[in-house]
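Here are my notes on this one, as promised. Have the viewer open while you go through them.

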Amino acid sequence: MAGKVGHSNLKNAIIAFLVPLPSILFHLSFLKNYESAIRIDSSPNLWAWCYHHPLLLANVLFFFNVNVLFWIIGVLQSSHWMIDPYWTVIPVMFVHFFATHPLAEYNWWRSRIVILLTWIWSLRLSHNYFRREKWEWGAREDWRFTDMSHQYGKHWWWASFFAVYVSQQVFLIALSLPFYVVHTMNQPLSIWDLVAMVVCVCGIVIAYFADTQLYGFVSRNDKLKELGKPVVPVLDSGLWYYSRHPNYFGEQLWWWGLGLFAWNLGQGWAFAGALVNTMCLAYVTTLVEDRMVKQANRAEAFRLYQKRTSVWVPWFKSSALGEKNKDS
């Protein structure tokens, strides 16, 4: 059994490393061939189109390499696990794509700050994902996808293309709009760049500590289960004492902070991605909390936790009565 799991883990790891190659190789070919394609005497061609439409090109690559290819692999494996770890990788690919595009024009320091922050964000989220999954590749898919597969039944094989992948394109492309803006405008750094950087760093730090505290809570409960002891129903300490979802709050801070870089360049429309993400997390928050109150061993404690504790923004408990209940 262990050998079978190890083989599956290795196979999924190899797939995950190979799957972005179409986009990477295409982009490298474009960088090699675009100069001859844009000469005045040249007729319209693929490389010329790629040169003049970087944002559309990013969407096209995403559609074929992620939506179509990831979906096919997911259908074949009966598990749409791959999009989760790639949430942490695709933004890194986007920021480098826009930075290396021939039409890119930007302030060198702002670009490097955004690229560095994106790598830090990615490494943090990747570490949290694999730590949670016990360092395995594709051991399971997101529970929300599993729930949707039960709802759609025999239609899930085609519905998953839209529910899992096309929706991800909307989120990830929209969230990555500040990367595009930062690499199309060359303006000096200002105090707002510092503000944006501080907001991004705060978001990354808050999300890291929130996820680490959650991981510790889950690990302790797993040990209690092994010992046959009752588990602790609700995490109500650390950042989770002040917020029911501090990890979501930190993640939102990161994306809104990233949007500040674009707003500082006069392109406030790039906040659209952060807004879409906030709306998505509002829905996810509802799903998570509904799931919690449906668990008999947690329902009562979690309802009390809901009454006393802020949803996202860390804040003080709502009543002294709640403190007494906790102490008792």
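Is α12 mostly covered or mostly exposed? Point 2 has the reply; some ground rules come before that.

1. **What we're looking at.** This is a predicted model, where local features need pLDDT of at least 70 and side-chain atom pairs count only at pLDDT 80 or more, while totals for chains, interfaces and linings use all residues. Numbering starts from 1 along each chain as its sequence is written, and side-chain values use heavy atoms, with hydrogens and water left out. The protein chain averages a pLDDT (the predictor's confidence in each residue, from 0 to 100) of 93, and 94% of the residues score at least 70. Go carefully with residues 320–328: pLDDT stays under 50 there, and the model has 8 contacts for them beyond four places in sequence. Contact here means heavy atoms within 4.5 Å. Where pLDDT is low, the predicted coordinates should not be read in detail.

2. **Helix α12.** Mostly covered, is the reply: 16 of the 19 residues of α12 are buried. The cut-offs are under 20% relative accessible area for buried, over 50% for exposed, and partly exposed in between (1.4 Å probe, protein chains only). Helices are DSSP runs of H or I, at least four residues, and strands are runs of E, at least two, numbered from the N terminus. After α12 comes Gly266, with a positive phi near 80°.

3. **α12 against α13.** Helix α13 (residues 272–293) packs on α12 at an angle of about 170°, with the axes 10 Å apart. The axes are lines fitted to C-alpha atoms, for helices over the stretch in contact, and angles run from 0 to 180 degrees between N-to-C directions. Over 145 degrees counts as roughly antiparallel, so α12 and α13 are roughly antiparallel to each other. On the α12 side the contact is made by Tyr248, Gln252, Trp255 and Trp256; on the α13 side the residues include Ala274, Leu281 and Val288.

4. **Annotated spans.** An unreviewed UniProt entry lists "transmembrane region" for several stretches, among them residues 156–182 and 268–288. Such annotations may be inferred rather than shown by experiment. In the model, residues 156–182 are 96% helix and 0% strand, with end C-alpha atoms 39 Å apart. Residues 268–288 are 81% helix and 0% strand, and there the ends lie 31 Å apart.

5. Leu31 sits in helix α2 (residues 21–37) and counts as partly exposed at 27% relative accessibility. Beyond its neighbours within four places in sequence, Leu31 is in contact with Thr100 and Pro102. Leu55 is in helix α4, also partly exposed, at 25%. Leaving aside neighbours within four places, Leu55 is in contact with Phe98, Leu177 and Tyr180.

6. Which loop holds Ser78? The one between α4 (54–77) and α5 (83–87). Phi of Ser78 is positive, near 55°, and Ser78 is exposed at 65% relative accessible area. Lys134, in the loop between α7 (108–132) and α8 (143–152), has a positive phi near 60° and is exposed at 61%.

Conventions
Angles under 35 degrees count as roughly parallel, over 145 as roughly antiparallel, 65 to 115 as roughly perpendicular and the rest as oblique.
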